[in-house]
Amino acid sequence: MPIIFEESTRCFHLSNDRISYILRLAAGAYPLHLYWGRRVRTVSDDLLSRLCPYTDESFSLHETPLDLLPQECPVMGGGDLREGMLAVRHGDGTAALDLRYAGHTILDGKPALPGLPCARGEGAQTLLLTLRDAQSGLTVELAHTIYADTDIVARSARIVNGGTSPLVLERALSACVDFEKADFSLLTLSGAWARERQIATRPLVQGDQGVSTTRGASSVQTSPFLALLAPGANETQGDVYAMALCYSGSFAASVQVDQHGMARAQLGIQPVDFAWTLEPGASFQTPEAYLCYSPEGLGGMSRQLHTLVHAHITTGPYARTNRPLLINNWEATYFGFDEEKLLSLAKTAHDVGIDLFVLDDGWFGHRDSDNSSLGDWVDDLRKLPHGLSGLSEKIHALGMKFGLWVEPEMISPDSDLYRAHPDWCIHAGNRMRIESRHQLVLDLSRQDVRDYIVDAISAALRRGNVDYVKWDMNRNINMWGSEALPAARQKELGHRYILGLYDIMRRVIAQFPDVLFESCAGGGGRFDLGLMCLMPQAWCSDDTDAWMRCRIQYATSLVFPPSTMGAHVSAVPNHQTGRISPLETRAAVAMGGTYGYELDLGKLPREELETIARLNERVKAMQTVLLYGTFYRLRSPFEGNECAFMSVSPDRREAVVTHVHALAQPNTKPALLRLAGLDPALDYRDEETGRVYGGDELMYHGIAPKLPLGDYTATQFHLLAL
Ligand code: DGJ
């Protein structure tokens, strides 16, 4: 049984074959966090009394012991003066809370969360622990799910107003873990447009630290994720404790180190500018957070998270299959295309073995630049004289699939939609509406707006008879305000927007069950587990430069497997950096994600097209292991001049190793690359060179990557067991 309640000690012990997660009810009432780490069989009296020194008799809230104890669901307004998961404002203006145990249930599987995406619960078990504040009638149902196939504990909370007067939820985080000590390094992901998800690490210090956004999106600036590395932990070894949130809106991930050197890690919806009124009987569901413990460093952490994503998060017809190789016209044409140009691009793409043609921004309204037409999802007959349907028919006739870009959440002030419904965007009364990329954001808290979007987008996708959709979102939200919400509920808008987003996505996806959906947000601005529950891949970054992509994809792989990362070969000089890197390197890096192209093939010499045709055959042969293999990071582009990673098939008979060398240095020997995850007893042949190596030699001694002359070179090994 993965979850056991021990009556005698009042402990809940969640475990699988490898990890344990233990809570205890102090004085029968207050859930304390006792242990999280490698599996333990039992909890000794010593541990119980050290971490939970209060018996029913000695426990007295008047002494505020909660401030000193590691808690499972700390609240603001009680005896614990650290930052808590929950804060409530009662009708009389006070904020005190005293949550005590009121019951529990243990279930097989895992209940879905109303309105929110979440991981599925195959093979899992869930503890539902109910806590109650007797004075107000507020109850909190804490859900803890433990998986058998991955070392993850999923946590969320449902808050119910079981009282008779309304109350306001001012803070509703998803998870909190108290650590007895704080000698950790904190790792987070930070960045910017075209520089998404760069690794940032620093030691914890007393006080508050963390990352958060108030932009209405999980954002390019940071990610809803943190990892705590114990002393000595690195990529391959040591204890790592990580938290990741299944949510696409503003979030906060924080670690507070207190006066006694205890560290409290918390994750959830951003409390700043958040509040939610709960009428009697109403409830609020927090998003789900995933807690991952790995004794095998960051590499082990990522492999657990990747298993979570593949086994329990991604869904749809492409979640576990190979993806079509695509060509997207964005960097080839930007807004300047017509049907003839698109067809010639598609024809060349088809000739070199590309499966899917994606028409990006600019096909609707009169959108010749980014300053108009969002919201007017009608075909621009100047560019597409036979409309989307005519173009799609011709692409299909070539034997290719057809894909379409949309940006459903937005409205251009220069659009028929805006002229008809100026009140439909997010805005604060009569205040100035601050545009970004010349656009405003539709108010997804409104049912009428959501219905319009679902109808208009579905009609376009139907007209285009599409096989693939790129769902973009190119700005963050400012000047918050909704005409549809009363003054007292304006602080609900951020979360209501995200609930509305999930609603429209679900309704559109449900109408196109065979279509591959890719999310995008001005590059990788909403690369989060929430959207990954709905769409199995996301555009990783608008930066398609091979070396920059090494860094972005390397850091993204901390949480996400290659099957989720949109990655394309683009033109040189690269449009974002001006850098020139060889075609083979651009391809090797794009093979670290869902592979595609984003350049004008018509401008390439014949030899390069022949190379592309060969590369496409190679990707198709290796794609299953590239996308779904067990992933190992071998060399970090954040630490030097190289980047290397590899994927190994579950039976360890196939592996693909990629090594990228940034700046050439004269008169140097390549450092041996020690591989990982192979079977030491097997021999492997490299399909490129025909050379044979022992799995043991490859892992314990290493292999020398080639270092051809020139900058930004790549070597790939495709290893097949003999
Ligand atoms: C931002 C995306 O990341 C790009 O790939 C492209 O689709 C543009 N938007 C189009 O406006």
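Leaving aside its neighbours within four places in sequence, which residues is Phe357 in contact with? Counting heavy atoms within 4.5 Å as contact, the list runs to Ile327, Asn329, Leu342, Leu345, Ala346, Ile395, Met400, Lys401, Phe402 and Gly403.

Before going further, a word on what you're looking at: this is a predicted model, where local features need pLDDT of at least 70, side-chain atom pairs count only at pLDDT 80 or more, and totals for chains, interfaces and linings use all residues. Residues are numbered from 1 along each chain as its sequence is written, and side-chain values use heavy atoms, with hydrogens and water left out.

Back to Phe357, then. You'll find Phe357 in strand β22, residues 356-359 (strands are DSSP runs of E, at least two residues, numbered from the N terminus). Phe357 counts as buried because its relative accessibility is 0%, buried being under 20% relative accessible area with a 1.4 Å probe, protein chains only. For a sense of distance, Ile509 is 152 residues from Phe357 in sequence and 20 Å away in space, C-alpha to C-alpha.

Now for the ligand. It has 13 residues around it, and the closest are Asp360, Asp361, Lys470, Asp472 and Asp542 (a residue is near if one of its heavy atoms lies within 4 Å). The side chain of Asp542 puts an N or O atom 2.4 Å from a ligand oxygen. Asp360 has a polar side-chain atom 2.7 Å from an oxygen atom of the ligand, while for Asp472 an N or O atom of the side chain is 2.7 Å from a ligand nitrogen.

Note on methods: Helix = DSSP H or I, 4+ residues; strand = E, 2+ residues; numbered from the N terminus. Buried < 20%, exposed > 50% of the residue type's maximum accessible area, 1.4 Å probe, protein only. Polar contact = N/O pair within 3.5 Å; in protein donor to acceptor, adjacent residues only side chain to side chain.
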